[in-house]
Amino acid sequence: MAIQDMPGASPWTQRLLAIYGALVLFFLMLPTVIVIPMSFSDSQYLEFPPTSWSLRWYREYFGSSAWMSATWTSLLVAVLTTVLAAPLGTLAAYGMHCTSDKVRNALQLLVLMPVVVPSILVAVGVFHLYAIVDLNYSITGLVLAHTALAVPFVIITVLSSLNNYDMTQEMAARSMGASRPQAFLSITLPQIRFSVLTGAFLAFITSLDEVVVAKFISGGENATITRRMFNALRDQIDPTIAAISTCLIVVSVLALAAVQIFGARSKGSA
Amino acid sequence: MAAAAASSQSLPITVSNLVKAYGDLRVLDDVSIAIRPGEFMTLLGPSGSGKTTLLMALAGFVSPESGSIRFGEQEMITTSPHKRGVGMVFQSYALFPFMSVAENVAYPLKIRGVSPAEQKSRAEAALAMVKLGGYGGRRINQLSGGQKQRVALARAMVFEPRIILMDEPLSALDKKLREHMQIELKQLHQKLDATIVYVTHDQREALTMSDRIAVINKGRIAQLDEPKALYRRPNSLFVADFIGETVLLPVQRDGDDVSLQGRRLKLATPTPAGSGPLQLVIRPELLQLDGGGDDQTNTIAGVVRQTIYQGDSVLLIIDAGEGREVSVRIATNRAGQASLPDSGSQIALGLHRDDTVVLAEQAS
């Protein structure tokens with residue numbers, strides 16, 4: 001453990017630091033974790049701790065065609081966003097890596113804009129733009145908007161791993177007869193795939209999680225799960241929300257675990 | 001496609017009027033050089049001289065503004081790197097860490113669509129050439145620096161390229177291993193039918209390995225010659241100073257003659273034209289302790305200031321008057337040590353006329 005590696009720290013300082021670290025983690029996790037017991041409550045309302053237990057809110061969730069359709073919309077949009085954002089972001093990062101420092105820094109600022117600008121502004125802008133091109137309430141519109149939001153995360157993760165990658169390997173491959181795309185696919189990509197995968201995961205979560213833009217431009221039969229949850233919270237607060245949240249947490253954790261396991265394996269074999 | 005690269009016959013390289021500029025800086029300033037087929041040509045120069053840029057232009061990774069690069073009869077200036085058919089060895093080895101040694105070496109063959117069985121046998125043969133037979137199954141991170149360099153070599157020659165480019169391939173190795181690899185590379189070159197262009201900033205390495213050396217300075221070729229000629233007949237103070245151990249001694253111009261300490265010097269080459277200041281180029285090991293006095297030897301008088309023991313030789317620091325110092329290198333064999341003068345003694349040094357080179361100070 002890194003904590004025990006600290007030179008010169010007394011056992012007491014180390015112990016205090018460990019406790020402090022554990023507390024930070026606890027408070028970070030608490031809001032997420034508290035939802036899980038609430039979802040198994042038998043009560044009509046969100047309460048903690050629950051007085052009695054049941055699975056009725058899961059039945060409510062999985063039995064509702066409205067919730068199910070919103071879930072599929074969200075998953076579809078998230079998958080399509082990932083499929084678009086991962087290659088786009090990877091290519092952008094590669095291109096930025098190969099340009100001069102000046103151009104790269106300028107591009108980096110530009111590319112980070114969607115992350116920095118308040119999402120409500122993005123949402124309003126996208127809504128008005130989509131009103132013109134008639135993309136509001138469509139899957140295509142949602143996927144495009146989410147891709148714009150997700151691409152920066154892919155770029156950042158891929159760019160940072162390209163910084164640790166020796167580009168002369170690609171030159172070597174090219175001198176040995178590989179075209180540039182061939183060299184990238186056969187030599188560079190295998191060595192940065194973990195960051196591409198991490199970027200893809202972040203893109204997936206960005207889309208799945210997104211509520212502000214979705215609130216503006218999704219709706220009708222193409223409403224996302226987060227949009228429906230938001231409406232449900234406003235109209236009637238019942239533990240279905242907690243059940244859905246728990247499911248979303250499980251999906252996120254599984255996806256993260258998959259990335260980590262794949263990463264450990266690809267690093268172990270390298 | 002594979003056949004084109006395999007029909008191995010080394011190619012001449014003809015570079016004409018090559019210019020590469022970054023903004024106002026001309027990294028390659030109208031460079032022309034004719035490299036003979038099968039030659040071991042070294043591009044030697046200080047860092048920033050343009051030697052690596054020239055190599056990268058040959059490889060196709062640098063696009064020149066103007067000029068021509070021909071491999072044999074074929075113009076290559078706009079050809080992509082992967083279609084030039086050159087083998088290349090990089091300073092950082094540039095091995096693929098996620099592949100085994102054998103997979104690394106087989107990569108150029110795989111790209112060329114060679115059958116897996118042939119890939120395997122040719123990779124093994126290439127590894128045997130660099131004395132790494134049986135290492136095919138190893139991972140790259142299990143190899144030492146010297147072994148990595150050998151793998152990089154095997155990979156660059158496995159597809160039998162007619163031209164091999166090397167960018168300071170030995171500079172990451174320690175001195176002993178580097179000197180060993182220099183000899184080995186030279187032997188390897190004799191076995192391969194390939195023209196080798198080798199970049200280094202190490203003049204000793206260049207002298208050891210090359211058929212000819214192109215000394216590059218400020219984007220231009222300062223001198224192109226065989227190692228011996230380059231060492232004994234440098235054509236400029238830059239080359240004289242860059243190659244080997246050099247002591248410069250100002251000398252006087254007397255019309256067409258040159259004099260030192262009031263004596264006329266017998267020169268190996270004609271006195272440089274013009275009226276600018278002149279310098280005598282002295283290699284410390286070419287000075288003799290007995291001043292000679294015959295008509296083939298120039299004499300330099302001085303006082304021994306210091307004697308420095310360096311193992312394989314002894315360096316004498318001589319005060320040649322007017323605050324000028326000359327150093328003399330004497331071998332530590334019995335003959336050399338028998339006549340070693342004491343500190344403070346007056347001596348007359350001899351310099352054979354064939355070794356007496358006088359050069360003009362450059363205007364720039």
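**View 1. Strand 6 of chain B, residues 86–89, in a predicted model.** V86(B) and M88(B) point one way from this strand. G87(B) and V89(B) point the other way. All of these residues are buried. In a regular strand, side chains alternate between the two faces of the sheet.

**View 2. Strand 6 of chain B beside strand 7 of chain B, residues 163–167.** The two strands pair in the parallel sense. Four bridges join strand 6 to strand 7. Look for V89(B): its bridge partner in strand 7 is M166(B).

**View 3. The two domains of chain B.** Domain 1 covers residues 2–232. Domain 2 covers residues 245–360. Their C-alpha centres lie 39 Å apart.

**View 4. The largest cavity and its lining in chain B.** The count of cavities of 30 Å³ or more comes to one. The largest cavity has a volume of about 60 Å³. Its lining includes Y231(B), R232(B), R233(B) and P234(B). V281(B), R283(B) and L286(B) line the cavity too. D355(B) and V357(B) complete the list. By class, five lining residues are nonpolar and four are charged. No polar residue is found in the lining.

**View 5. R265(A) in helix 11 of chain A.** The helix spans residues 240–269. Is R265(A) buried or exposed? R265(A) counts as exposed, because its relative accessibility is 59% and the cut-off for exposed is over 50%. F194(A) is 71 residues away from R265(A) along the chain. The C-alpha atoms of R265(A) and F194(A) are separated by 10.0 Å.

Technical notes. Residues are numbered from 1 along each chain as its sequence is written. Chains are lettered from A and ligands numbered from 1 in the order in which they are written. This is a predicted model: local features need pLDDT of at least 70, side-chain atom pairs count only at pLDDT 80 or more; totals for chains, interfaces and linings use all residues. Side-chain values use heavy atoms; hydrogens and water are left out. On a 1 Å grid over the protein atoms alone, a cavity is a set of points where a 1.4 Å probe fits but cannot get out, and a pocket is an open set with protein on both sides within 12 Å along at least five of seven lines; lining residues have an atom within 4 Å of a point. Grid points are joined across faces, edges and corners, and a volume is the space filled by probe spheres set on the points. Ala, Val, Leu, Ile, Met, Phe, Trp, Tyr, Cys and Pro count as nonpolar, Asp, Glu, Lys and Arg as charged, and the others, Gly among them, as polar. Domain bounds come from an automatic or database domain assignment. Buried means under 20% relative accessible area, exposed over 50%, partly exposed in between (1.4 Å probe, protein chains only). Two strands pair if DSSP finds at least two bridges between them.
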